[in-house]
Amino acid sequence: MPRGRGRRRRQDPVGGGRELRIRRAPMEQQQPPVRNERRRPQVEVDEDAPVVRRRRVDEPQLVALQPDVELQENEPQLAALAKNDIWIIVLSRSSHAVKLFQMHSMHRSMATNSSNCGVGENLQINEQSVVWCSKCDEGLCEECTNHHAVSNASKSHETVSIAEYKKLPTEVIHSAQTCKLHNEKFELFCRDHDCPCCQKCVNSHNDCKSLTDINELIKNIKTSNAFYEFEQTLLEVVQNIKQLRTNRRENLTLLENKKREIEAEIKQSRIHINHHLDKLQDDLIKELVRVEQKEKRKIEKLLTTLKKKESDIIEVQENIATIKQHAPELQTFLTMKNIEKDIAVEEKIIQLITTSGSTNQVNISFQINKSLQEISAIVQNFGEINVSSDPCDFPIQKRKDRQAQIMVTFPTRNIDNLTLKLQKRINTAGLSNVHSCALLPGDKMVFSCTKQYKIKVFKSDGSKDFQIKKIGPTFNVVFIGDDSIAVTSGFGNQINIIDLKKHKLKKSIQIDSYNSGVVYKDGHLIYCAGSKGLQMIRLNDETVTNVSNSELRDYAYVTALGDKLFYTDYRYHRVTCCDNHGIILWTFDDSSVLMYPLGISVDNDGNVYVAGNYTHNVVIISPDGQRYRQLLSSDDGLKNPWGLHYDTSTNKLLVANRFNEAFLFDIK
């Protein structure tokens, strides 16, 4: 009897009374063996042995043989066959039919025709694919998509429709997900060489100190702060090109105006001389036009180049939106790295343009020959056209340079030399459970009252200005410019924007997470999102990105300076400093000095001010997190201090107890 075509009835100890049929799927006609060709392993199969599985299958479902499934008796043999051939096993019991497909695993590159179903091609069936799975790296037809969605091996895979997949840029579709040298999947990323690596590549990176799991890097890459910075850099490059074009257009206008002025001056001088100078006048005007056209062509040539670069960058921006929405994380990450290199080249070119003299302010002027006034007979020319090039103070925006400038400002004041002077006490007895405070322009102060769901604004002399109620839960308050403040809501899942001039709610921003401490930075709100860590929302379009995935406690507060973030964790009595990518730089943890830290703020020198609720104090921590000093204590009137805000424009510190009283200090 040919192998694989036998039938045997066995009593199944698990399902009981099921009929087992094993059929070998049709295969292509075998070719004659070729010398040195790798042959399939010969596996002996006991056709009389029962196939027994320890997992019960009660409903129709797609199940793939996996290494974690326990096999008995001759199942290792069946698994060995499955490694080389396609087997279809049909188990029938009463009205239930269960189909188990084990496909021969194949490596499929991105160059695979996405219009055809990859599984169908393996089975020599031509089916149009309807979705693309980036994990499997192949297209799937409608039937295979249904199996793919319920299989234990693939049900967690994310798919995208073929139509949307084909919209991705070519460089994304063809970006390699496997190592070209070893033909293995990328699993690591080397920061030293800025390249992905497979496990075999590790041998050539023995001296590298920054090998990172690539799955950690691509996790939430589309909503990460790194992706946001990448988008901002693209926007910045386009803006620089636009500014360059505007600058050159203005120079063109200047040249044209100067040309007209000189023409008028030439013609005015022409009135006072005789017809003997007509030819000289014409020659000079021609020279003027020639010089102006020459300089004009130079600028227009540069403008053409800049316009092309702008179009290229805008095209990348348009592709970014599609990548962000539909591309897999790995492809997004790799594409982003490739584009970053191209953008770096473009940035160098722009910098070279501004330093090579191409953006110098080109000017033309005219000087009449004084000899014309004495005797026209000896004058051989009407004058000279001079071209001057003055350096243009053109500011090129560069995000990384600005961040570096911010970094070098630390520190200028030593925490041991700071002095505090009490300016005033503010009676907050009408507020219950004050959770935050902030200093506003004009020396006004605002407090949020969690229990009463309201905020209250005080004048500079400590008297009441106005209050706003019925805006829902209120937690932390921060000034965001434009006579507005933002108020987080804790478990309210929204951030309210309050108009301070009109004394009313301007708008509510809905978010999908808890939100407690908040800080305003460059048009964004960075807030503590509980289990989601630190998140950042762009106020102009309400786009949310992840800064850090580290879980934060309910009463966490955050502040920022430059590219550093500082946040509190009351449960473990610690203060943490991280960069704007969520990488922890230092942690301050000393419960003998600081217990239940809540409100937090930072001055221009990077010194961090923290309110200790249980220790009834305010502690200042040095910018490197290594030193501390207790600034205020219960002797200064502190009792369960909660809110705290340092105004960097006035060097004033506002501290609010949970009940009854707040304090305003001058710090020098």
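At roughly what angle do the axes of helix α8 and helix α9 cross? I found that the axes of α8 (residues 278–326) and α9 (residues 329–355) cross at roughly 160 degrees and come within 12 Å. That makes the two helices roughly antiparallel, a label for angles over 145 degrees. I noted the crossing as left-handed, meaning that the near helix is turned anticlockwise from the far one by less than a right angle.

A note on the source: this is a predicted model, where local features need pLDDT of at least 70, side-chain atom pairs count only at pLDDT 80 or more, and totals for chains, interfaces and linings use all residues. Residues are numbered from 1 along each chain as its sequence is written, and side-chain values use heavy atoms, with hydrogens and water left out.

Next I listed the contacts (heavy atoms within 4.5 Å). From α8, L302, L306, K309, I313, V316, I320 and I323 meet T332, T335, I339, I343, E346, I349 and I353 of α9. By class, I have 10 nonpolar, two polar and two charged residues in this contact.

Then I turned to T488, in strand β18 (residues 484–488). Is T488 buried or exposed? T488 counts as buried, because its relative accessibility is 0%; the cut-off for buried is under 20% relative accessible area, with a 1.4 Å probe and protein chains only. Leaving out residues up to four places away in sequence, T488 touches several residues, including P473, F475, I495 and V518.

Last, the totals: I have 10 helices and 35 strands, and 46% of the 668 residues count as buried.

Terms used
Axes fitted to C-alpha atoms, helices over the stretch in contact; angles between N-to-C directions. Helix = DSSP H or I, 4+ residues; strand = E, 2+ residues; numbered from the N terminus. Parallel < 35°, antiparallel > 145°, perpendicular 65-115°, else oblique. Nonpolar A, V, L, I, M, F, W, Y, C, P; charged D, E, K, R; others polar. Buried < 20%, exposed > 50% of the residue type's maximum accessible area, 1.4 Å probe, protein only.
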